[in-house]
Amino acid sequence: MKNLKKLTILYMLVFILSSFIIHKNMWLNSPISHLKALFHHSLPYHPLLYSFLIFLLIVIFILFIQLLIKFFRKILKNK
C-alpha cells in the first residue's frame, strides 16, 4: 500500500510539472482560460497521456535500477 501511495504521488507530480513546463506561458498569463480551453480541446486527454508515458519511463528506469542492485548484491554474496 505504501508503494501505491508513493507511485500515485509520483504520477501527480509528473502530471503537474509536465503540464506547467509544457504550457508555462498559458498557466502564468491566464490559468482560468487555459482550464476552460481544455474542455474544448480536440484531445482533452493529452495531459494524462503524456504524463502517463513519462511516468511509465520513470517506473521502468526505477525497476531497472532495482534489478541491477539485486543482481550485483547476488554477485557480491557469492564471492
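The dialogue below reads the pockets of a predicted model and then turns to one residue.

Q: What should be kept in mind about the numbering and the model?
A: Residues are numbered from 1 along each chain as its sequence is written, and side-chain values use heavy atoms, with hydrogens and water left out. In this predicted model local features need pLDDT of at least 70 and side-chain atom pairs count only at pLDDT 80 or more, whereas totals for chains, interfaces and linings use all residues.

Q: How much space lies in the largest pocket, and which residues are closest to its centre?
A: On a 1 Å grid over the protein atoms alone, a pocket is an open set of points where a 1.4 Å probe fits, with protein on both sides within 12 Å along at least five of seven lines, and lining residues have an atom within 4 Å of a point. Here the largest pocket holds about 240 Å³, and of its 16 lining residues the closest to the centre are Phe 15, Ser 19, Trp 27, Leu 38 and Pro 47.

Q: Which helix gives the most to the lining of the largest pocket?
A: Helices are DSSP runs (H or I, at least four residues) numbered from the N terminus. Helix 4 gives the most, with five residues.

Q: Which residues line the second largest pocket?
A: This pocket, of about 160 Å³, is lined by Asn 3, Lys 6, Leu 7, Leu 10, Val 59, Ile 62, Leu 63 and Gln 66. Helix 1 and helix 4 are the elements that give two or more residues to that lining.

Q: Is Lys 2 buried or exposed?
A: Buried means under 20% relative accessible area and exposed over 50%, with partly exposed in between (1.4 Å probe, protein chains only). Lys 2, which lies in helix 1, is exposed because its relative accessible area is 71%.

Methods:
Grid points are joined across faces, edges and corners, and a volume is the space filled by probe spheres set on the points.
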